[in-house]
Amino acid sequence: MNGQVLLFVSLFALDAVYGQASYSIPEEMARGALVGNIAQDLGLEIRRLISGKAKIYSRNNEEYIELSREKGVLLVKDRIDREALCAHTALCALHLQIILENPIEFYSVTVQITDINDNAPNFEKNEMQFKISESATIGAKFVLDGAVDLDVGINDLQNYELKPADHFSLKLQNNADGNKNVEMVLQKPLDREKEEQMSLVLTAVDGGEPRMSGTMLILITVLDANDNAPVFTQHTYKAIVTENTPLGTIVATVSATDADGDLNSKISYSITNTQDNVRSIFDINKETGQVSLIGNIDYEKSKHFQIKILASDDGGLTDSSKLIIDVQDINDNKPEINIMSKSNVILEDAEINTVVTVINIEDLDSGDNGIVKCYINENIPFMLQTSKNNFYSLVTDNELDRERSHEYNITVTCSDEGMPSLSSSITLTLHISDVNDNVPVFERSSYEAYIVENNTPGLSVFTVKASDADWNQNARVSYILEDSSVNGVPVSSYVSVSAESGVIHAVRSFDYEQLKEFHFRVRAQDGGSPPLSSNVSVRMVIQDQNDNAPQVLYPVQTGGSVLAEMVPRSADVGYLVTKVVAVDVDCGQNAWLSYKVHKATDRALFEVGLHNGEIRTVRQVTDKDAVKQRLTVVVEDNGQPSRSATVIVNVAVADSFPQVLSEFTDFSMHDKEYNDKLTFYLVLALAVVSFLFITCLLLIISVKVYRWRQSRVLYHSNLPVIPYYPPRYSDTLGTGTLPHVYNYEVCRTTDSRKSDCKLDRAASQNVLVMDPSFTGTMQKIHSQKNILDEPDSPLEQKPPNNDWRFNQGPRPGPSGAAGGPEVAMGTGPWPQPPTEAEQLQALMAAANVSEATGTLGPGTMGLSTRYSPQFTLQHVPDYRQNVYIPGSTATLTSNPQQQQQQQAMAQQAGQQALPPPQPGQPEPPKAAQTPASKKKSTKKEKK
C-alpha cells in the first residue's frame, strides 16, 4: 500500500500560526517513498519553506521521515517497522513538528503507520510435554502455551487447530487484554496399555493475506491414575510494585493445593507468559510460588503486567491463575525543555504578544509527577503563554525600550508537581534592536450605571474613563458610542457619550415599565496614527419610580348604571361584602398596595382589609342601618411619594332585591348632578385663568409697544432742539440779543435701538465761551468732532451761521459725565423756525411723554449760546416760542407772563439744585412749563 490513505488539515492561531496535518502510510515502505505534499496540504509556498528554514522535530529523536524543502514533500528516510515502534498497540503513529522561522510558525504532523502481514504466529517452544494419568476424566483441561503474532488487527493471530483430534479438542478463551487462552480438553478416556505415547500438532493461524501460521509439537505420556489436580487458592492475584524497585524484591506469592498424597501432591509453579518481557522481569520459585523481581521496572514503559502462572503435580494435572501487577509511578524524570524556534533579535516597537521563542516541555512521569509549570524571571517585559500539547510561547508582555535596556537574559524554569519536585531551566539571550507604541485602558472591565426613570433628557448619568500610557497626541483619548440596537432601536437614541470627557448622557426620558435595562459598548480611541482603541461593556439599569397610580380592576366603575353589593340584614360580624381588586404596574415597594376607607355612610359598619382589599362588616347589621351604604375606598401604593386611586363601593343592606331597587334609583341622578357641577366649576376655572393670562399678555405687549414708540419719537423727531449752557456759565459780552443764559438738560441714548445709554462729559469740561479774538467757526469744530458718530444717524449735521464764535475749550455735557471726544455736545443742527404743523406736533408729543422726564432741571444737558451784535431778531426769530424739547414735557415761549413764571421756577430750582450764581452774572431765563411739567413740579414740592 503505497499512497496516502487519510489527509486533513486544520489551521488555528494563538501567538504564532499553528497547523496540523495527518497522513497514513503502510510499514516497510522503501526509503525515499512519498508520504505527502506538506506544502500543498498546509497552504505554504516552497519559498516560504526555504526562507523559513523549515525543519522536522521529533520528540524521540528517531528520524523516520524527512522534509524536502525544495519540493515541499515528506519522504520516508529510514525503514519503518510498526512492530518495533508500537509493539501490540493498535494505533501506531509518528508525531512530528515542522518548524519555520521569521516569523516563527510551527505545524504538527501525524503519520499513522498501518500494519501489513509480515509476521507469522510463533510459539515460544517448539514442543510441550504432558504426563497424563490414564484415569484422567473426560473434560480434563490442559493449558497450552499460546502463539505470538506481532501483527495487529486482521493480521494478528486468529485461530488454533489441533491434529489429530481423536482424544483431545481445543478450547479457546478470550481474555480482557485481547489474548486467547488455549486449553486442551480430554474428550476420550486414555488407555496406557493401548497407547503410552501420543504426538499432537498445534497450529496457530493468522487472518492476513496471505495467511501465515506457526506450529508446536505436543508430546503426551500416559501415566497411571492421579485422581486430584492442583487448585489455586485464588483465580486472580493482584499486587502493586513501585518503579525502580530493587532487584530481588518479592512482589507476590501464589499458592495451590493438591488433595493427592505422596508424589502426586507435590506441586511445582511456573510462568507461562510467552509475550512481552514478563519472564525477563519476573521469576517464580517453583516450590514456594514466590514471584520476585529480576529486572528493572519503568512506569514510563509498562504501567502494569499480567503474569500467567501454572501449578502442576507429578501426575501431570495442572491448574492456572493470573497475577496482575500494577506499577506505581515515582517522580524520577525531570522536565525536558526543547527549543522549537527562537529569535535572537527583536524590534523595540514590537507589538504586545509578539512571539520570541517557542519551547516544548516533556515530562515522562504521570499524574502530578507529570504536571509541569514553567515561569521566567520577574521584572522583564516578557511572559510565557501556554498552549496545548505542552507548548509554551515566550511573548512580549509590555513595551520594549532599547534606551532603557538593550539586552535581556531570560531564564525559563520548568518544574513538576511531584514530591520532591524536579525542575530544569534554560537561559535565552535576547537583543533589542532600536527603532523610532499603548491601547487606551478603561478603569474597569465593565461598567454598570443606574438611572431613575422619568429623567430629564440630556441628564448626565455617569462617566467612563480610559487612560493611555502613550504621550502627547497618542495619549489623547476620545470616546465613541459603538453602533448597536436596543429592541430594534439604535442605542444612540437612548444615550450619547461625550467624545472628550466620556460623560454618558441620557438622550431620552426612560420608562421602567417599557425598558428595565440595556447594554451598549463604548470605544476609547487614542489620537495616534493608526489609532488604537479598546471597548468596554456598559450595563444601564433603569430604576423604578412611583409614576403609576394603582388601577382598580374591581368593582368596575360605570357611568351609566349603579352597581351595588347586597348585604343581608342577618349578616354577622366579619361578613365578606366584596373585595376591591387593584394592580400597580410599578415594581417593588412601589407596587405594594394598601386599602383604607376614605368615606363611608356608616364607618362603624364596614372596614376594608389593609392588604387584601376585602370589605367586611365590623358589627352585626341591624334594622336601623340604612339600606343605601356608600363607601369610598382609597387604594394607595407604598412609593415615595405615594400614589393612590379611589373607588366607590355601593352596598345595599337588604334581604331581597325589590327592597334595593327603589332605594338605588336616585344614585345615578345624584352622581350625574355631582359630575355636572364639577364639570361646570372646572370650565369656569379654566375660563378665568385663560382671561387673566390673555390680559397680562396684552398688558405686556402694550407696555413694550409704548416704550418702542417713545424711543422712535425721540430718535426720528424732526422738531428742532435749542441747546444752551448751564447757568453757572455767564455771557461774557452781555450785548447779545438774548440777555440771559438758558439751561436745558437732556438725557439721550447713543442708539435707541440698542437700549444702551451713554452720557456726555461734564458741563464743567465742555463749555462754549465767546471770545472776541477767536477766529474759528462752527464748521471747523464740526469737522473735528461730530455729535453723532453713528453712520445711520437720522440727524444730519448742519453748520450754524459763521458769525457764531466759540472756543475749542471745554464743551457742554451732562452734569458729572465724562464723555469721550465722540460725544461732543452743542454742535447739533441749528434750529429752523417752527411751522404751525411742527408746533402742533410738539404739543401732541409732549402730552404723550412720560412724566418721568418732568420739568427741566439739574442733571440734564445744557448749552449756552450768544448772539452776535449784528445777529438780531430781525434775522433770527425768537426760538423760545413754542419750541419742543425731545424727551421733555417743557416748551419754550416768548409770552411775557409765561416768561415770568418760567424765571420764577428756574430761580427756585437754581436755589435747590445749582450752585449760587457768581456776582455780576445775569440770571438765566426760565423755560416755560407745560401743564404736565407743572403737575410734576407740584408733586416734587409736596414731597
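Which residues are linked with Arg-79 in a network of salt bridges? Glu-28 and Asp-81 are linked with Arg-79 in this network. A salt bridge here is a side-chain nitrogen of Lys or Arg within 4 Å of a carboxyl oxygen of Asp or Glu. The structure holds 19 salt bridges.

The model is predicted: local features need pLDDT of at least 70, side-chain atom pairs count only at pLDDT 80 or more, and totals for chains, interfaces and linings use all residues. Residues are numbered from 1 along each chain as its sequence is written, and side-chain values use heavy atoms, with hydrogens and water left out.

One of the salt bridges joins Arg-279 to Glu-124, with the closest N and O atoms 3.1 Å apart. This pair links distant parts of the chain, 155 residues apart. Arg-279 sits in helix H4 (residues 278–281), while Glu-124 sits in the loop between strand E8 (105–114) and strand E9 (127–133). Helices (H or I, at least four residues) and strands (E, at least two) are DSSP runs, numbered from the N terminus. Arg-279 has 31% relative accessibility and counts as partly exposed. Glu-124, at 43%, is also partly exposed. Buried means under 20% relative accessible area, exposed over 50%, and partly exposed in between (1.4 Å probe, protein chains only).

Lys-373 and Glu-417 form a further salt bridge, at 3.5 Å from N to O. Lys-373 lies in strand E28 (residues 372–376) and Glu-417 in the loop between strand E31 (407–416) and strand E32 (423–433), so the pair ties together parts 44 residues apart in sequence. Lys-373 is exposed, at 53% relative accessibility. Glu-417 is partly exposed, at 36%.

The side chains of Arg-539 and Glu-517 also meet in a salt bridge, with an N to O distance of 2.6 Å. Here both partners lie in strands: Arg-539 in strand E43 (residues 533–543), Glu-517 in strand E42 (residues 517–525). The pair ties together parts that are 22 residues apart in sequence. Arg-539 is partly exposed at 25% relative accessibility, and Glu-517 is partly exposed at 33%.

The surface also carries a nonpolar patch. Phe-680, Tyr-681, Leu-684, Val-688, Phe-691 and Leu-692 form this patch, with about 650 Å² of accessible area together. Patches are made of residues with over 30% relative accessible area and no salt bridge; like charges are joined within 9 Å, nonpolar side chains (Val, Leu, Ile, Met, Phe, Trp, Tyr) within 5 Å. Accessible areas come from the Shrake-Rupley method with a 1.4 Å probe; for residues, only the protein chains shown count as cover. Phe-691 lies in helix H6 (residues 667–716). Phe-691 is exposed, with 56% relative accessible area.
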